[in-house]
Amino acid sequence: MNEEKFHRDPEEYAIFKRLNNKQFSKRPNDIYVTRKTNFKAQLERCMKLISSNGNYREITIYGMGSALQRTINLALQFQLKTNCQLHTSISSVEVTDHLMPLLDELEPMNDTRWVSTITISCTLPAILTTETK
């Protein structure tokens with residue numbers, strides 16, 4: 001695709017948004033937030049990971065694009081319940097949208113763009129690690 005921006009008619013192309021999965025870790029204490037994420041279920045998952053049955057003193061919450069606000073809200077709610085320390089970093093990742101034609105005379109295309117991401121590490125103080133439920 002050339003550098004100039006083109007007009008994408010929704011009647012001509014279906015957009016499939018793709019991420020490079022190698023950009024993200026897959027540890028058991030990593031939590032990924034999307035716009036469709038059930039907020040209460042994610043908060044319960046965070047609590048379960050650090051509960052007396054959980055083995056983790058730190059969890060990492062990831063969000064990108066339109067899920068940034070939900071990600072921040074989840075981390076803040078978790079902090080209210082556990083008194084954990086939050087360490088935040090922001091960055092941008094490159095994503096590729098695959099444009100699949102809906103009309104026979106058009107060719108498939110790819111569009112690359114940058115999306116904001118946030119990573120929030122939630123670390124429990126050593127004194128609370130054994131007491132948190």
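Reader: Let's start with Arg 27. What does Arg 27 count as in terms of relative accessibility?
Author: Partly exposed, at 40% relative accessibility. Keep in mind that this is a predicted model.
Reader: Which residue does Arg 27 form a salt bridge with?
Author: Asp 30. The closest N and O atoms are 2.8 Å apart.
Reader: And Asp 30, buried or exposed?
Author: Buried. Asp 30 has a relative accessible area of 2%.
Reader: How many salt bridges does the structure hold?
Author: The count is 2. Besides the Arg 27 pair, Asp 97 bridges to Arg 113, with the closest N and O atoms 2.7 Å apart.
Reader: Where do Asp 97 and Arg 113 lie?
Author: Asp 97 sits in strand E4, residues 85-101, and Arg 113 in strand E5, residues 109-123. So the pair ties together parts that are 16 residues apart in sequence.
Reader: How accessible is Asp 97? And Arg 113?
Author: Asp 97 is buried, at 3% relative accessibility. Arg 113 is partly exposed, at 29%.
Reader: New topic. How many disulfides does a search of the whole structure find?
Author: It finds 0. Take Cys 46: its nearest cysteine sulfur belongs to Cys 122, 6.6 Å away. A disulfide needs the two sulfur atoms within 2.5 Å, so Cys 46 is in no disulfide.
Reader: Is Cys 84 buried or exposed? And Cys 46?
Author: Cys 84 is buried, at 3% relative accessibility. Cys 46 is buried too, with a relative accessible area of 0%.

Notes:
Residues are numbered from 1 along each chain as its sequence is written. This is a predicted model: local features need pLDDT of at least 70, side-chain atom pairs count only at pLDDT 80 or more; totals for chains, interfaces and linings use all residues. Side-chain values use heavy atoms; hydrogens and water are left out. A salt bridge is a side-chain nitrogen of Lys or Arg within 4 Å of a carboxyl oxygen of Asp or Glu. Buried means under 20% relative accessible area, exposed over 50%, partly exposed in between (1.4 Å probe, protein chains only). Helices (H or I, at least four residues) and strands (E, at least two) are DSSP runs, numbered from the N terminus.
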